[in-house]
Amino acid sequence: MALLLSSSLHPPTSPLKPKLNSLSTPLPNAVVTKRQLIINTTTSFSIIFGVQQNPVPQCLAQPSNPSKPSVLNIANTKAWFQFYGDGFAIRVPPEFEDIMEPEDFNAGASLYGDKAKPRPFAARFASTDGSEVLSVVIRPTNQLKITFLEAQDITDLGSIKDAAKIFVPGGATLYNARTIKIKEDEGFKTYYFYEFGRDEQHIAIMAAVNGGKGIIAGTTAPQSKWDDDGVKLRSAAISLTVL
């Protein structure tokens with residue numbers, strides 16, 4: 001499979017590894033469970049995609065003006081376990097475990113004509129301590145952007161700069177934005193990749209559109225963890241494949 005990267009938006013001049021002093025300050029007398037840590041880690045990702053039932057508001061962060069191209073460091077993920085979901089596949093980092101819960105699978109069912117509740121996540125994995133999380137969500141494209149037409153490709157949501165209004169939350173610091181084209185039998189499939197920081201979390205998102213559905217993979221971790229594991233987490237997000 002051939003993978004082409006074109007840098008439509010390059011990183012801003014702000015440092016790629018901002019110092020977040022609050023991360024180094026321990027919480028006195030605090031006991032944080034693994035479940036709480038997972039919830040805290042995925043808050044930013046969930047706000048955008050995990051629990052949205054209405055179209056995402058279009059008042060989000062604008063990328064900074066590009067400065068100069070940078071290398072997007074990724075690892076070889078062929079040896080990782082490949083998870084197959086509903087219309088997608090993704091590579092899972094070693095030692096990550098499935099954290100999908102019963103309510104995640106039950107969502108989408110309706111009883112007695114009630115409106116079905118969308119599933120929060122299509123897949124969810126976490127590191128053993130719960131501080132690093134890989135999630136996949138699937139949303140109708142008309143929930144991502146109000147339109148009368150069914151999007152068939154992510155470019156139908158706009159350019160990578162325009163789509164940043166959908167995928168990058170307000171107040172975030174955008175570190176990287178890329179258009180990634182993957183060779184398929186009938187041509188190339190376009191993906192948008194964004195990497196940004198928000199609320200002391202570092203997040204990487206890979207998004208694509210197929211048949212009117214947006215498929216978004218995201219990895220999240222505290223900035224202090226990303227300094228060591230960023231290549232692994234970024235690679236997991238970029239491994240998203242639409243089937």
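**Close-up views of a predicted model**

View 1. Strand β8 covers residues 187–198, and β8 pairs with β9 in the antiparallel sense over 7 bridges. Look for the hairpin that β8 and β9 form, with 2 residues between them. Asp199 sits in that turn and has a positive phi of about 50°.

**View 2. Strand β9 also pairs with β10.** Here you can follow β9 to strand β10 (residues 213–222): the two run antiparallel and are joined by 10 bridges. β9 and β10 form a hairpin with 2 residues between them, and Gly211 in the turn has a positive phi of about 60°. How many of the 10 residues of β9 are buried? The count is 9, so β9 (residues 201–210) is mostly covered, with buried meaning under 20% relative accessible area.

**View 3. Strands β2 and β3 make a hairpin.** Strand β2 (residues 81–84) runs antiparallel to strand β3 (residues 88–92), and 4 bridges join them. Tyr84 stands opposite Ala89 in β3. Between the strands lie 3 residues, and Gly87 in this hairpin takes a positive phi near 85°.

**View 4. Helix α5 has a buried face.** Which residues are buried in helix α5 (residues 160–167)? They are Ile160, Ala163, Ala164, Ile166 and Phe167.

Conventions:
Residues are numbered from 1 along each chain as its sequence is written. This is a predicted model: local features need pLDDT of at least 70, side-chain atom pairs count only at pLDDT 80 or more; totals for chains, interfaces and linings use all residues. Side-chain values use heavy atoms; hydrogens and water are left out. Buried means under 20% relative accessible area, exposed over 50%, partly exposed in between (1.4 Å probe, protein chains only). Two strands pair if DSSP finds at least two bridges between them.
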